[in-house]
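Subject: Structure handover

Hello,

Here is the structure I said I would pass on. My notes on it follow below.

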Amino acid sequence: MRRVVFNQKGGVGKSTITCNLAAISANQGLRTLVIDLDPQGNSTQYLLGADGDALEYTLADFFDQTLNFKLNPKATGDFIVASPFDHLHVMPSHPQLEELQSKLESRYKIYKLRDALDELAQDYDCVYIDTPPALNFYTRSALIAANACLIPFDCDDFSRRALYSLLENVEEIKVDHNRDLVVEGIVVNQFQARASLPQKVVQELIDEGLPVLQPYLSASVKIKESHEQARPMIHLDSKHKLAQEFISLHDNLARKYGA
Ligand SMILES: Nc1ncnc2c1ncn2[C@@H]1O[C@H](COP(=O)(O)OP(=O)(O)OP(=O)(O)O)[C@@H](O)[C@H]1O
Ligand SMILES: [Mg+2]
């Protein structure tokens, strides 16, 4: 399964969800790859820690290679590094992705990520793609390359309204480029069960017939420690409520849609 985690809104939990679900897949023995398409590189930092600062090759080199065609190009696997966790590999981000974007767009390189993932199909059981908070070349590439889409949602009323245009954007890419793309659902994140507003906002989504996934992910300060130590929740504290919620979410998705 190739999953893209997408929401144009910033700070809703895309990187946190990508890395934690990927860590669980890998921990279950699935050969797992995280692709970090966000020039901010948060998933790269989260999974590689300080090792993420001194990488020989990154996704920027991968995309750059598509612009500067060579007769003996590097294989896609050359842009992948192993994380400290078993079975978990990363195609790391680099700030240079930002400046490459307009060239990639004008030279129609939108299918290159999909081609690369096709090349890797025998090497990985599951792929998770983290995206920047925008509908741009990288998010479009990811939505074209993936076969499933998860949408993190931060229980905010502005975000609720933005969900409709977001779903329309995903649908348009599906119709134009990727008929197999499935919106697996909305991941409710930073849910505060005791506050009434988040409950109301999420209930509205359900009443409107949107695919809200279970369980909701609790708000927890533990996630900051997890980022800071570069250890996904399952490795930091597997008994923690949020770690258990990630595991349930992961297993619900695997049951319904495959690993
Ligand atoms: N379940 C949670 N509980 C508490 N804080 C959380 C939770 N999930 C995410 N956060 C916090 O919210 C912030 C944004 O999370 P994250 O970086 O994963 O979002 P993002 O959507 O990837 O952001 P961006 O759009 O900038 O890439 C971080 O500071 C993170 O610590
Ligand atoms: Mg992010």
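The largest nonpolar core in this predicted model has 50 residues, and those with the most contacts inside it are L33, I35, L37, F63 and I129. Helix α6, residues 137–145, gives the most to this core, with six residues. There is also a second, separate core of 32 residues, which includes V5, I17, L236 and L249.

Leaving out residues up to four places away in sequence, I35 touches L59, M91, L113, L117, V127, Y128, I129 and D130.

With a relative accessibility of 0%, D130 counts as buried.

For the chain as a whole, the secondary structure comes to 11 helices and seven strands. The radius of gyration is 18 Å, close to the 18 Å that the globule rule gives for 259 residues, so the chain is as compact as a globular protein of that length. Taken along the principal axes, the C-alpha atoms fill a box of roughly 60 × 40 × 30 Å. Of the 259 residues, 52% are buried. Among contacts with a separation of 6 or more, 80% are between residues 24 or more positions apart.

The largest pocket has a volume of about 550 Å³. It is lined by 28 residues, of which G11, G13, T16, I223 and H227 are the closest to its centre. Which elements give two or more residues to this lining? They are α1 (14–27), α2 (42–48), α9 (222–228) and α11 (241–257). The most comes from α9, with four residues. By class, the lining of the largest pocket has nine nonpolar, 14 polar and five charged residues.

The second largest pocket has a volume of about 250 Å³. Its lining is made of 15 residues, and F62, Q65, T66, P73 and K112 are the closest to its centre. Helices α3 (59–67) and α5 (112–119) each supply at least two residues of this lining, and α5 gives the most, with four. The lining of the second largest pocket divides into six nonpolar, three polar and six charged residues.

H250 lies in helix α11, one of the elements listed for the largest pocket. H250 is buried, with a relative accessible area of 4%. Not counting residues up to four places away in sequence, H250 touches L21, I24, S25, Q28 and Y128. Y128 is also touched by I35.

Some backbone geometry is worth a look. Most residues other than glycine have a negative phi, and most peptide bonds are trans.

- Q190 is not a glycine but has a positive phi of about 55°. It lies in the loop between β7 (182–188) and α8 (196–207), and at 43% relative accessibility it counts as partly exposed. Leaving aside neighbours within four places in sequence, Q190 is in contact with G11, C155, L217, S218 and A219. Q190 and K70 are 120 residues apart in sequence and 46 Å apart in space, C-alpha to C-alpha.
- A230, also a residue other than glycine, has a positive phi near 55°. A230 lies in the loop between α9 and α10 (233–236), and at 14% relative accessibility it counts as buried.
- Q214 and P215 are joined by a cis peptide bond, with omega about -10°. P215 is found in the loop between α8 and α9.

Regards

Conventions:
Residues numbered from 1 in each chain as written. Chains lettered and ligands numbered in written order. Predicted model: local features only at pLDDT ≥ 70, side-chain atom pairs only at ≥ 80, totals over all residues. Heavy atoms only, no water. 1 Å grid on protein atoms, 1.4 Å probe; cavity = no way out; pocket = protein on both sides within 12 Å on 5 of 7 lines; lining within 4 Å. Points joined across faces, edges and corners; volume = space filled by probe spheres on them. Nonpolar A, V, L, I, M, F, W, Y, C, P; charged D, E, K, R; others polar. Core = buried A, V, L, I, M, F, W, Y, C linked by side-chain atoms within 4.5 Å. Buried < 20%, exposed > 50% of the residue type's maximum accessible area, 1.4 Å probe, protein only. Contact = heavy atoms within 4.5 Å. Rg over C-alpha atoms; globule rule 2.2 N^0.38 Å.
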